[in-house]
Amino acid sequence: MLEYPSPSKGASLILAFRPQKVLIIGSGPLAASRAFAALEAESEVHILAQGGLEDACDELKWRASQGQVTLSNWTALIPPSESASTSTAQPDEIAGLEKFLDDTPGISLACITDTAVRPHRRSRESCERVYRTLKARNIQVNSTDVPELCDFTFTSTHRVAESALQIGVTTNGQGCRLSSRLRRDIVSKLPPTTAAAVRNVSHDMDDDGHDEIEEDSAVSTPNRPVPTRSPTETEAESTRRRMKWVAQVSEYWPLSKLASLTPDDMTALLEGRVPETPLTQSLMSLALPPTPAHNLPNSKRGRIFLVGSGPGHPALLTQATHTVLTRLADLVLSDKLVPDAVLALIPKSVEIRIAKKFPGNAEGAQMEMMEAAIEAANRGLTVVRLKQGDPVVYGRAGEEVLYFRAHGLEPLVIPGVSSALAAPTFANIPVTQRGAAESFTVCTGVGRRGKEITLPAYERARTLVILMGVARLPQVVDALVAADAGARRQGAAYPGNTPVAIIERASMPDQRVVTSTLRDVVQALESSGEQRPPGMIVVGWSVLCLYGKGDTGVLEEGAEKGDEGRVERWLAGGRWRVEEGVDPSWDLL
């Protein structure tokens with residue numbers, strides 16, 4: 001029977017809500033703050049308060065005079081028969097509230113703010129009567145400082161530079177001051193280009209001004225091919241295609257690059273205007289003389305460097321790569337996965353272009369970058385072709401070397417720290433370890449043009465590192481464990497209890513490591529939320545050998561008999577484990 005994570009109580013369901021009509025009870029500064037938040041959500045705001053406009057704070061008086069809010073005097077709404085009692089009796093507010101609600105249909109959300117302010121401070125008993133009246137009409141209520149009379153609470157919110165980006169933090173009533181501080185700390189760490197990036201990626205929305213794709217609608221991967229533009233596509237198909245481009249760009253491109261896009265740039269990108277010529281056709285012509293576009297005088301030709309930037313953390317750049325980026329480069333042609341932290345090292349005077357290499361468009365984007373490198377070098381510029389990891393470990397550097405050489409330019413290839421080795425280390429996994437792994441194999445999880453590849457057979461003493469396979473994890477796992485895998489696997493099947501790790505965003509602050517077994521890892525990843533590319537798969541007994549007290553006896557004779565117990569101890573009786581972040585000591589480097 002399948003098992004799923006048990007809910008941990010004490011959290012809230014956080015929503016982005018835009019009510020049509022909002023009622024705010026009270027007219028002090030807090031009421032003004034709630035009114036402003038509702039106005040920014042484009043809600044119709046009604047203020048109901050004792051004393052009406054005369055007793056309202058200055059901000060609400062001003063907003064009422066500008067027609068931004070409607071402010072009603074609660075006392076004036078009470079029927080005379082209800083208020084003409086003895087001189088010491090309090091007027092029946094509920095009758096006035098009922099009349100107001102009858103006259104103002106459609107209110108879905110109410111905020112009682114006068115429980116914490118004077119001169120008309122509401123008692124606990126009065127607040128409860130108002131709350132029940134509103135609830136009887138299915139209106140959701142927030143009562144300030146009365147948590148038991150709240151259907152919802154407000155997060156500590158910051159809107160970034162009047163953009164569509166809002167950040168909210170809540171401690172669910174367990175430290176409101178702390179939530180404000182945490183919100184300020186988070187906002188202070190946002191790059192200054194964040195708002196511009198949000199505005200640019202919202203350039204191509206539907207007629208209502210919203211993404212057709214929900215921000216967090218499902219567990220998904222951005223590594224889905226984006227279909228090429230068809231002359232016969234319908235408007236709906238065109239919208240879906242553009243939104244997929246938005247998802248790809250939002251996930252992969254650095255914020256600084258997104259912020260610098262012009263509307264024309266974004267339009268061109270979303271329309272997929274990149275060379276359609278397949279890379280294979282270009283490589284077939286390597287023996288031909290240089291094309292006229294590149295046949296410029298050699299005396300003023302520049303240079304091309306093919307460099308690896310490592311797995312992501314800027315401290316892992318080699319000295320050579322750092323020198324090329326900071327002192328020699330005139331133009332940097334960067335792959336999409338190179339993070340902002342690395343690109344930030346490049347002087348502002350150097351032009352940076354990010355590859356449009358997404359699934360379904362890889363060949364055309366690869367050709368575009370190579371053509372750009374040739375064109376710039378022929379103008380005498382020093383071009384840096386920047387790749388993640390090591391450029392020759394599934395980085396297509398060899399194709400570029402041959403292409404540049406065919407056009408009379410010999411690039412210098414500078415090695416980088418390969419993620420195939422560094423990422424497991426960041427996840428506390430040694431690819432080789434005495435007593436656990438005598439060798440390791442690195443392979444890709446997807447072949448050329450999306451074709452399946454033949455994966456290595458199971459060997460207990462070997463660690464298997466699979467790059468570019470997380471997006472098709474179910475197919476990869478099936479190829480490893482299936483008894484009848486055929487051409488998908490070279491030999492023996494992997495036992496279902498073989499340890500496996502999914503390492504995402506290795507070396508970066510949002511690194512995530514999902515560890516499980518081959519029989520449960522697909523479900524483990526699905527339960528962990530949205531994927532975080534780039535990611536890799538590490539399979540083998542080395543995955544568990546350094547966890548806790550360690551286990552380096554997996555290669556001893558007869559050790560297979562204890563594998564189920566070994567895995568149970570490793571996962572503490574569970575089926576998977578999820579770990580976030582990197583060692584804080586990396587912040588010092």
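The legends below describe close-up views of a predicted model. Residues are numbered from 1 along each chain as its sequence is written, and side-chain values use heavy atoms, with hydrogens and water left out. Because the model is predicted, local features need pLDDT of at least 70 and side-chain atom pairs count only at pLDDT 80 or more, whereas totals for chains, interfaces and linings use all residues.

View 1. Ser542 lies in the loop between strand 17 (535–539) and helix 20 (563–570), where helices (H or I, at least four residues) and strands (E, at least two) are DSSP runs numbered from the N terminus. With a relative accessible area of 0%, Ser542 is buried, a term for under 20% relative accessible area (1.4 Å probe, protein chains only). The side chains of Ser542 and Thr463 are joined by a polar contact of 2.8 Å, that is, a pair of N or O atoms within 3.5 Å, of which one must be able to donate a hydrogen and the other to accept it.

View 2. Cys127 is in no disulfide, and its nearest cysteine sulfur, that of Cys150, is 7.9 Å away. Cys127 is buried at 0% relative accessibility, and Cys443 is buried at 8%.

**View 3. The largest nonpolar core.** A nonpolar core is a set of buried Ala, Val, Leu, Ile, Met, Phe, Trp, Tyr and Cys residues joined through side-chain atoms within 4.5 Å. Among the 44 residues of the largest one, Ile466, Leu480, Ile502, Ile503, Ile537 and Val539 touch the most other members. Helix 18 supplies the largest share of this core, 5 residues.

Note on methods: Buried < 20%, exposed > 50% of the residue type's maximum accessible area, 1.4 Å probe, protein only. Disulfide = S-S within 2.5 Å.
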